[in-house]
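Dear colleague,

Please find the structure below, together with a summary of what was found in it. I would be grateful if you could read the notes alongside the coordinates.

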Amino acid sequence: MGETGRTSSLLVHILVIALCLTAFGFAIAAERRRSTGSIITDPNNSTYCSYDSDISTGYGVGAFLFLLSGQSLLMGVTKCMCFGQPLAPGGSRAWSIIYFASSWITFIIAESCLIAGATKNAYHTKYRHMIYAGSWTCDSLRKGVFISGAVFVVFTMILNVYFYMYYTKSTSQAAKKTSKAAANVGMAGYA
């Protein structure tokens, strides 16, 4: 791999890591700023829930979008490992396939946690006088949903870095193998 290949590879690594770390930061911020509700009684003697902040939903969606852009960048550069250069057979190819599949699994889990947390955090219970339950509380997001997303964001980032490292190693090996002079096999007729 030439000097421009190393620089572009380093640039892709830096961009993917930066986007994933930004998604991680947004997920942590979303967990810290989850909305909580308190029961308020209005002048008509109806009770309703009042929520303090909805910023956590925005942070969760931001984390979702940053992780999505990091994964899209990497899959665009590698052409999703299906449409680009052929991979050389060997250990690098095997590891790149393993890291590719693993990164997609952790990516889907992280995105599911982030979007589910943002959706659940945005849901607010309105009035409770219509529901006849004695121990009814205001609906809020449980702790740990955004943290789970943040943990899987980090796993996705690590797997993406290893996937791209082995992918570039395997494609550069394939390029070296195709540039060698091919041995010709002489064909002779049977006597």
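Which residues form a nonpolar patch on the surface? The patch consists of Val61, Leu65, Leu68 and Ile115, with about 280 Å² of accessible area together. Patches are made of residues with over 30% relative accessible area and no salt bridge, with nonpolar side chains (Val, Leu, Ile, Met, Phe, Trp, Tyr) joined within 5 Å and like charges within 9 Å. A salt bridge is a side-chain nitrogen of Lys or Arg within 4 Å of a carboxyl oxygen of Asp or Glu. Helix H2 gives the most to the nonpolar patch, with three residues. Isoleucine 115 lies in helix H3 (residues 91-122) and is partly exposed, at a relative accessible area of 34%; buried means under 20%, exposed over 50% and partly exposed in between (1.4 Å probe, protein chains only).

This is a predicted model, in which local features need pLDDT of at least 70, side-chain atom pairs count only at pLDDT 80 or more, and totals for chains, interfaces and linings use all residues. Residues are numbered from 1 along each chain as its sequence is written, and side-chain values use heavy atoms, with hydrogens and water left out.

The chain contains four helices and two strands, in the order α-β-β-α-α-α from the N terminus. These elements are DSSP runs numbered from the N terminus (helices: H or I, at least four residues; strands: E, at least two). Of the 191 residues, 35% are buried. The accessible surface is about 11,400 Å², with 65% belonging to carbon and sulfur atoms (Shrake-Rupley method, 1.4 Å probe; for residues, only the protein chains shown count as cover).

Threonine 156, in helix H4 (residues 145-179), is buried, with a relative accessible area of 0%. Its side chain makes a polar contact with that of threonine 106 at 3.0 Å (N or O atoms within 3.5 Å; within protein, one able to donate a hydrogen and the other to accept it, and residues adjacent in sequence counting only if both atoms are side-chain atoms). Not counting residues up to four places away in sequence, threonine 156 also touches residues including Leu67, Gln71 and Phe107 (contact: heavy atoms within 4.5 Å).

Aspartate 54 sits in the loop between strand E2 (47-51) and helix H2 (55-77) and is partly exposed, at 38% relative accessibility.

Finally, the whole structure holds zero disulfides (cysteine sulfur atoms within 2.5 Å). Cysteine 20 is buried at 1%, as is cysteine 113 at 18%.

With kind regards
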